[in-house]
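Q: I'm new to this one. Can you walk me through it, starting with the ligand?

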Amino acid sequence: MMNREILKNWRHVMKLDPAKPLTDTQIDHILRSGTDALMIGGTDGVTYENTNNLLSRLALGEIPLIQEISTLESVHPSFDAYLIPSVLNTSDIRWVYGEHLEAIKKFGEYIPWEKLWWEGYVVGNPEAKVAKKTNSDCSLTPADVTAYARLTEHVFQFPVFYVEYSGTYGGTQWLQAASRSLNRTLLFYGGGISKEAQAKEVAAYADVVVVGNVIYEDLDRACESVQWVKETKKQ
Ligand code: 1GP
């Protein structure tokens, strides 16, 4: 069983979308990239079948395989652990805990709780699918972000606070606001990283930097980003 303390050793994570194709050569590069974990998930088109297919191809490596759950239908029992987003800057309770509660009602008896690692999510890119789906308010001030980070650590006591700019580079304003107030909860950043300067900038504030789209657009860069992040010291 993978202990969630492992999160503390991560600096770089690749997020793979089961709905997007990867060749065997690309999978091989990903597995040898030096990234600390592979997170499998996406907003659209994720099914049990395509998740199972990707998982079976990745299972050849030694990297932790984590499913980030967005729909109940795609949940697969063979992952090392599960990251469960709870979107905080939405007014729709479904995305905070409503969908989760439905799942607990149905399957509560069988849920391996120790394998579930919760994420307090704040969504920053209004154009992202996740922002549209969850109707997130992306106009947060740094003071709002600090408050959400504190809520995540002190009230919800989640292991992860995730600044999600999916599809665009969000800079460090929200990260600075969050990092100042987090002590135990780890700070994840994901969104639009394709350049060395961006990776290094966010790695100075985030505990873990997540890359997604760049894997499908320029895999060499995605693999290089591992080094960009790991040679940066967190402030
Ligand atoms: C998406 O945070 C991840 O959920 C990474 O974002 O795809 O923009 O790299 P990108």
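Q: Which residues are around the ligand?
A: The residues around the ligand are K15, Y162, E164, S166, G167, G190, G191, G192, V211, G212 and N213. A residue is near a molecule if one of its heavy atoms lies within 4 Å of it.

Q: Where do these values come from?
A: This is a predicted model, where local features need pLDDT of at least 70, side-chain atom pairs count only at pLDDT 80 or more, and totals for chains, interfaces and linings use all residues. Residues are numbered from 1 along each chain as its sequence is written, and side-chain values use heavy atoms, with hydrogens and water left out.

Q: Back to the ligand. What lies 2.6 Å from an oxygen atom of the ligand?
A: A polar side-chain atom of K15 does. From the backbone, a polar atom of G167 is 2.7 Å from a ligand oxygen. A backbone N or O atom of G212 lies 2.9 Å from an oxygen atom of the ligand.

Q: And how much of the ligand does the protein cover?
A: The protein covers 92% of the 300 Å² of accessible area that the ligand has on its own. Accessible areas come from the Shrake-Rupley method with a 1.4 Å probe; for residues, only the protein chains shown count as cover.

Q: How does the shell split by class?
A: Two residues are nonpolar, seven polar and two charged. Here Ala, Val, Leu, Ile, Met, Phe, Trp, Tyr, Cys and Pro count as nonpolar, Asp, Glu, Lys and Arg as charged, and the others, Gly among them, as polar.

Q: Which salt bridges link K15?
A: K15, E68 and E164 are linked in a network of salt bridges. A salt bridge is a side-chain nitrogen of Lys or Arg within 4 Å of a carboxyl oxygen of Asp or Glu.

Q: Tell me about E164. Is that one buried or exposed?
A: E164 is buried, with a relative accessible area of 7%. Buried means under 20% relative accessible area, exposed over 50%, partly exposed in between (1.4 Å probe, protein chains only). E164 sits in strand β6 (residues 160-164). Helices (H or I, at least four residues) and strands (E, at least two) are DSSP runs, numbered from the N terminus. The E164 side chain also makes a polar contact with the side chain of Y121 (3.5 Å). A polar contact is a pair of N or O atoms within 3.5 Å; within protein, one must be able to donate a hydrogen and the other to accept it, and residues adjacent in sequence count only if both atoms are side-chain atoms.

Q: How many salt bridges are there?
A: The count comes to 13 salt bridges. One of them joins the side chains of D24 and R57, at 2.8 Å, N to O.

Q: Why does that pair tie together parts that are 33 residues apart?
A: D24 lies in helix α1 (residues 24-31) and R57 in helix α2 (residues 48-58), so the pair spans 33 residues in sequence. D24 is exposed at 57%. R57 is partly exposed at 23%.

Q: What about D44?
A: The D44 side chain meets that of K129 in a salt bridge (3.8 Å, N to O). D44 lies in the loop between β2 (37-40) and α2, and K129 in helix α4 (residues 129-134), so this pair ties together parts 85 residues apart in sequence.

Q: Switching to β2. Which residues cover its faces?
A: A37 and M39 are on one side and L38 and I40 on the other, all buried.

Q: What pairs with β2?
A: Strand β1 (residues 12-16) runs parallel to β2, joined by four bridges. Two strands pair if DSSP finds at least two bridges between them. The bridge partner of M14 in β2 is L38.
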